[in-house]
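Dear colleague,

I am handing over the structure below, together with an account of what was found in it. Please keep it open while you read, and look up each element as it is named.

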Amino acid sequence: MPDASIAIPLKPQRLASVDAYRGFVMFLMMAEVLHLAKVAAGFPDSGVWQSLKFHTSHVEWTGCSLHDLIQPSFSFLVGVALPFSIAARAAKGQSGGVMTLHACWRAVALVLLGVFLRSVGKAETNWTFEDTLSQIGLGYVFLFALGFTPRRVQWGAFGVIVVGYCVVWALWPVAPADYDFAKVGVSAGWLKEHGLQGFAAHWQKNANLGFAFDQWLGAHVRRAAAFNAGGYLTLSFIPTLGTMILGLIAGGWLREDRDALWKIARLGAASFLCFAFAVALHVTGVCPIVKRIWTPAWVLFSGGWCFALLAGFFAVMDAWGKRAWAFPLTVIGMNSIAAYCIAHLFHEFINGTLRTHLGAGFFDFAGKPLAPLLQGAAVLLVFWLILFWMYRRKIFLKV
């Protein structure tokens, strides 16, 4: 049973930068209602709009857009927050046993909340586990246990996950020449443009170890489809745990009794090393950078961005004390679970309400190409006002 009084310093604290970074991530997720990719279709010759389209959409397979950094940032920040959470609970006198029970409850609640949100509007419960919340929940108890260990153990666990996952996938045979990709939702055109060759083919879409595991799981658990059209996998929770461990290490640095420059330097160095190793794995073909199946190279590449973004927010907000500008983000970040649920549950209701009371063509006043953007901005404003109302009344949803 963990002993918080030994493993974690009792002095709790809250960093404005963590709330703001989390708010930034959730804002990017909620901003999907702006439909920038759809608007960009009306401006095919605009470099600005085409760039916005790219960065508000997921890449097809290898590579990264800003939108692809939402899920790893959210997972990373779960790890960052854990040392502060444990310290706060220890300061209130909670025993290690009580905290362990809460961690188990939180893990189950996150998995079931993910299943619930993915099942909204479906004919039956969608027992799949590829969504953000379920992926975090599946690895959370392991992360919690690591929160009471020395940092060398945390780094060791991270290394075992990244290297071990890579080796196991490499040992799984690549798809044979007669593999029916069309049967698993991968067209010949897609393969020609995005498919992987050589050793990298171990990470091919819907023809890999994780896909085989989900096929086995599908035979035992009722699923919505025989395969995931986007290539997402249940087993991605294992490398996602690696992302959360990087956050745990970052959170440990931020809690140390050191000056701000030391912390920023640590985060910056970690960012550089993650980028360097990720690019090396990608360009050599050992392991490509693929967010959809959370390859080890993606753990490192997205981890590099997470370290860099956290360093930036920490430098501006906690080291230099410039916090006022981030208040809208803080409102979102302090209620991230509420923001996640609001974005998934209230979008259509708010859209319908706006159409009812303002008229179907109200947002056409700037031209039809921009109408989805303006209507989405109105929905986004309503999202934020709900969160602001909760913030003012100190209503914070926690799992």
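**What was found**

Helix 15 (residues 336-345) is mostly covered, with eight of its ten residues buried, where buried means under 20% relative accessible area, exposed over 50% and partly exposed in between, computed with a 1.4 Å probe on protein chains only. The buried residues of helix 15 are Ser-336, Ile-337, Ala-338, Ala-339, Tyr-340, Cys-341, Ile-342 and Ala-343. Helices here are DSSP runs of H or I with at least four residues, numbered from the N terminus.

Please bear in mind that this is a predicted model, in which local features need pLDDT of at least 70 and side-chain atom pairs count only at pLDDT 80 or more, while totals for chains, interfaces and linings use all residues. Residues are numbered from 1 along each chain as its sequence is written, and side-chain values use heavy atoms, with hydrogens and water left out.

Turning to helix packing, the axes of helix 2 (residues 16-30) and helix 5 (residues 70-91) come within 10 Å and cross at roughly 155°; axes are lines fitted to C-alpha atoms, for helices over the stretch in contact, and angles run from 0 to 180 degrees between N-to-C directions. Helix 2 and helix 5 are therefore roughly antiparallel to each other, a term for angles over 145 degrees. Their contact (heavy atoms within 4.5 Å) involves residues including Val-18, Tyr-21 and Arg-22 of helix 2 and Phe-74, Phe-76 and Leu-77 of helix 5. The residues of this contact divide into twelve nonpolar, one polar and one charged, where Ala, Val, Leu, Ile, Met, Phe, Trp, Tyr, Cys and Pro count as nonpolar, Asp, Glu, Lys and Arg as charged, and the others, Gly among them, as polar.

Helix 8 (residues 151-171) and helix 11 (residues 237-255) pack at an angle of about 155°, with their axes 9 Å apart, and that makes helix 8 roughly antiparallel to helix 11. Among the residues in contact are Trp-155 and Phe-158 of helix 8 and Leu-241 and Trp-253 of helix 11. By class, this contact has 13 nonpolar, three polar and one charged residues.

Finally, how many disulfides are there? The count comes to zero, a disulfide being a pair of cysteine sulfur atoms within 2.5 Å. The sulfur of Cys-166 is 4.4 Å from the closest cysteine sulfur, in Cys-287, which is too far for a bond, and Cys-166 is buried, with a relative accessible area of 13%. For Cys-64, the closest cysteine sulfur is in Cys-306, at 9.6 Å, again too far for a bond.

With kind regards

Key
Helices (H or I, at least four residues) and strands (E, at least two) are DSSP runs, numbered from the N terminus. Angles under 35 degrees count as roughly parallel, over 145 as roughly antiparallel, 65 to 115 as roughly perpendicular and the rest as oblique.
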